[in-house]
Amino acid sequence: MIQLRDFGFRYREHAECAIHDVNLDIPEGAFVGITGAAASGKSTLTYALNGIIPHCYSGDFYGSVVIDGVDTVEASLTEISRLVGSVCQDIESQIVTPLVEDEILYGLENFGVARDEGVARMEDVLGAMGIEELRSCEISSLSGGQKQKVAIASILALRPRVLVLDEPTAELDPAASRGVFDLLKQYSREHKITVVAVEQKIALLCDYADMIVVMEEGSVRVSGTPDEVLVRAPELYAMGVNVPRVTSLTRSLRDKGVYEGPVCRTVSQGALHIAQSLRAKGQAIPPDAAPGGSFAECVASCEKEAGKGEERTRRNGKAGLAALEFHDVYAGYEGELAVLKGVDFAIQEGEFVAFVGANGAGKSTTMRLMNGLIKPSAGKVSVFGTSTASCPTSELARTVGFLFQNPDRQICKTTVREELLFGFEATGRVDARAQRAVDEAIEKFGLDASADPFLLSRGSRQLLALASIAVSAPRVVVLDEPTTGLDYRECEKIMQCVSRLHENGTTVVMVCHDMEVVADFAGRVIVMTAGCVVADGPIFEVMRDEEVLAKASIEPSQMTALSMLLGKGLSGGLRERVLSSNTLEELSIVLGDALAGGASASSAVHDLLPGRAAGGKCRVRTEGELR
Amino acid sequence: MKGFLEYVDGTSVLHRMNPVAKLVCSFLTCIACFCTSNLPFLFAVLVGGFLLAVSCGMARQVVGLAKAVFMFSLILAIVQILTTSGGASLVMLPWGHIGTAGLVAAFTTVARLLAAAVPLFLTLYVTRMTDLANALVKNVRLPYKYAFTFTSTIRFIPAFLNDMAAIIEAQTARGVQFDQGGIVSRVRLTVPLCVPLLVSSVRKVNSAAIAAEVRGFSLRNAKSGYREYPMALCDGMAVAACVFLLAAALAVNVLF
């Protein structure tokens, strides 16, 4: 269906090729995922497939791209568009009409499809996407996930043979992301459409794609089935591409020589194969064992043994005046119904708290209340005892730094140094101390002082935005989805910087959809749904509460989910150890020991290291290590 | 700024009128307002415009925009008061005086701008941009790219305003005092923010152009749209009424 032969392209403005020597064969009906670190050439590859290169961007075109026998250089963009449908990254720019119905009919009208057939196709794709009830709705009133479905439907209505999507789930929560991919997979199977999707969410791609292509620095480094690609995890890491945690775990157990099952992609696969291996190694796993006791009880008993409970409570945050306090808060936007309904919580100084929940739960509204961008319509929000209602946001900015999801909204200067200094300029504090703080930030964050911010990559711009907030050392930092649109490496860099800020005493509050990031860094999680708080507690306690997860439509991190699933079928000390393991390292040690027939289940001592609740890494130590 | 110049759904006569007829009527009314300086005439047109807005449920939106036009026209009015010497002298100035003629000229300016603007705003509130573009292409044979340019401009205004609001929000959160100080200081603070707005605007427009191209934009012509926009009797009558209004404005100008 799609053949790329020695394909390369150099944009006219650039000296180097953005993509080179790409050879790919994509069969008809395949679902292909393209991934890679930032600036690896993924978007350029999609432009080559939908004809934007060379028809909209000029430059040097090498090799050939043939789609269903049509050479993309010789054919016009319109001819290619009859074959290839594109959903671009910026949905808002793609939408040309205000109504869902008109949006889907737009392309059909342009391509001269007869009216009756056009309407029939529209009804067909509305049904396929599950959005029939939105037919007469205004697109501006839809959620992000719904808009994404409308955009995809409007392209599918054209009956393309190939569908190209550039990061279709970048701004969607995990449940909505899966929903979109489910529909795409089903539709493409029924209509034999070849789908090519660029995605950073490798776990999602592995669940749906038949073929994964990993790019680095403009060329294809790895390609094959998800299993074939994931086996090369160390190479992927080196390229800045993450792999599902379950894959890393099963690989690590194989490397230790204690596990002979397959390298798994999903939690359920991992649980099945690891359980089978445990059974084979003689670890008692009565198939009908009923889980006994809650996780909290298990942790409490472990803490009692280790005697660390008191210290963990202390590390949860300093006692005294709360850094942020919400008391029965109601809030919303002008002319709309209340988004928050009676929200209550307090965050102590020094905590690292993550807010999770589906899109529309009220998380971003809560963040904006914290620095006074929104004032509560009822109730009280206070920052170190000062009510936000009585203090302008520009003054609160000295205490509460806010990192927005889109760094481009914040960046306004022509060099990195000026951008970092801008916060001090805005508050009239430009002096020698400010200059020193800027120099330190440049070094700490690894920035190029003279670079033009707008020419940096998205990840670097986000890092600059974070640095320009951190440079004035606010006591609280609020992050609204700091990792959206970033590749794994960029995400790690940002979060390591945030973690360092936290270690220096800054209170960190974060909204994040990526449960792996939340599990790695946060100590406490507040779950929101429909404008209310439904759970508030230590991260792994909340993530194991299945009722809360279902209510808020969120998933736990892969390692927590795996430990819960495995723990249900275990008993005794091994069960306790598995259930109290939450990270890759912990599960690797516990399962490695169990599969090797290592440490005795009854004598292992749990040491939930202090600081876990505050975001530090937790490690299970055996008796031998403690002596 | 949400909803600025955005279509508001409804079922009034104005909503159901032909988009081209509405545009022609608003332009004719606008021209009529600039063809005469007769204050009673202009007030009558202004009142008529507001009554039309009330009849289709757009009173709140039109009043809101009228306030903005009024503030703008006030600046021109002040210039006229200070520079038009004539009539009974009210306040002496080094270069002349503020007279009744100046006051009348100021009132006329304000009334003219409001009377001319209200029908145009109303048209944008009661007409979907896509309907307007499609009707212009089908009925007037306007090349689609010009109609698309016009509707995209209108479509992007709220998007750019939202972007600007988000940028101001982000800068306020950094300590820039948009939420304190007077209008002069806020305008001064806004100037450097044109850079991020320009960058995001260019990116948005580039994406929009490419997205339209790959959906067959270049193929679209007068036959393409599924919807038809026939002219009905009320459309003809409305246009005739506005032509009469224009004639009346010219006549009033000659006679008075």
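Buried means under 20% relative accessible area. At 2% relative accessibility, A:Ser177 therefore counts as buried. This is a predicted model. Chain A has 627 residues, and chain B has 256.

**Chain A overall**
- Chain A contains 28 helices and 20 strands.
- Of its 627 residues, 57% are buried.
- Take the contacts in chain A with a separation of 6 or more: 65% of them are accounted for by residues 24 or more positions apart.
- Chain A has an accessible surface of about 24,100 Å². Carbon and sulfur atoms hold 48% of that surface.

**Chain B overall**
- Chain B has ten helices and two strands.
- Its elements run α-α-α-α-β-β-α-α-α-α-α-α from the N terminus on.
- The C-alpha trace of chain B spans about 65 × 60 × 30 Å along its principal axes.
- Buried residues account for 47% of the 256 residues in chain B.
- For chain B, residues 24 or more positions apart supply 73% of the contacts with a separation of 6 or more.
- The accessible surface of chain B is about 12,800 Å², and 74% of it belongs to carbon and sulfur atoms.

**Interface between the chains**
- The size of an interface is often given as the accessible area lost when the parts come together.
- Chains A and B bury about 4,500 Å² between them. Carbon and sulfur atoms carry 53% of that area.
- On the chain B side, B:Arg174, B:Arg215 and B:Tyr226 lose the most area to chain A. Together they give 24% of what that side buries.
- In residue terms, 45 residues of chain B contact 60 residues of chain A.
- A:Phe404 has partners in both chains, including A:Arg368 and B:Glu169.

**Helix pair α6 and α8, chain A**
- Helix α6 covers residues 115-129, and helix α8 covers residues 174-191.
- Their axes lie 9 Å apart, at an angle of about 135°. That angle makes α6(A) oblique to α8(A).
- From α6(A), the contact uses A:Asp124, A:Val125, A:Ala128 and A:Met129. From α8(A), A:Leu183, A:Tyr187 and A:His191 take part.
- By class, this contact between α6(A) and α8(A) has five nonpolar, one polar and one charged residues.

**Helix pair α20 and α21, chain A**
- Helix α20 (residues 458-470) packs with helix α21 (residues 488-503) at about 10°, with axes 9 Å apart.
- Angles under 35 degrees count as roughly parallel, so α20(A) is roughly parallel to α21(A).
- α20(A) contributes A:Gly459, A:Gln462, A:Leu463, A:Leu466 and A:Ala470. α21(A) contributes A:Glu490, A:Lys493, A:Ile494, A:Cys497, A:Val498 and A:Leu501.
- The contact of α20(A) with α21(A) has seven nonpolar, two polar and two charged residues.

Contacts listed here leave out residues up to four places away in sequence.
- A:Ser177 sits in helix α8. A:Ser177 touches A:Thr169, A:Leu172, A:Lys201 and A:Leu204.
- A:Thr484 lies in the loop between β17 (476-480) and α21. A:Thr484 is buried, at 9% relative accessibility. Its contacts are A:Ala170, A:Gln405 and A:Arg458.
- A:Phe404 lies in the loop between β16 (400-403) and α18 (416-426). A:Phe404 is buried, with a relative accessible area of 6%.
- Within chain A, A:Phe404 contacts A:Arg368, A:Leu373, A:Gln410, A:Gln462 and A:Asp480. In chain B, A:Phe404 meets B:Glu169, B:Ala170 and B:Ala173.
- A:Phe404 and A:Tyr47 are 357 residues apart along the chain. Their C-alpha atoms are separated by 29 Å.

**Backbone details in chain A**
- Most residues other than glycine have a negative phi, and most peptide bonds are trans.
- A cis peptide bond links A:Ile53 to A:Pro54, with omega about 10°. A:Pro54 is in helix α2 (residues 52-55).
- A:Asp68 has a positive phi, near 50°. A:Asp68 is in the loop between β4 (59-67) and β5 (70-71). At a relative accessible area of 36%, A:Asp68 is partly exposed.
- A:Ser553 also has a positive phi, about 55°. A:Ser553 is in the loop between α24 (546-552) and α25 (558-568). A:Ser553 counts as partly exposed, at 41% relative accessibility.

Technical notes:
Residues are numbered from 1 along each chain as its sequence is written. Chains are lettered from A and ligands numbered from 1 in the order in which they are written. This is a predicted model: local features need pLDDT of at least 70, side-chain atom pairs count only at pLDDT 80 or more; totals for chains, interfaces and linings use all residues. Side-chain values use heavy atoms; hydrogens and water are left out. Axes are lines fitted to C-alpha atoms, for helices over the stretch in contact, and angles run from 0 to 180 degrees between N-to-C directions. Helices (H or I, at least four residues) and strands (E, at least two) are DSSP runs, numbered from the N terminus. Angles under 35 degrees count as roughly parallel, over 145 as roughly antiparallel, 65 to 115 as roughly perpendicular and the rest as oblique. Contact means heavy atoms within 4.5 Å. Ala, Val, Leu, Ile, Met, Phe, Trp, Tyr, Cys and Pro count as nonpolar, Asp, Glu, Lys and Arg as charged, and the others, Gly among them, as polar. Buried means under 20% relative accessible area, exposed over 50%, partly exposed in between (1.4 Å probe, protein chains only). Accessible areas come from the Shrake-Rupley method with a 1.4 Å probe; for residues, only the protein chains shown count as cover. Buried area is the accessible area (1.4 Å probe) that two parts lose on being put together, summed over both.
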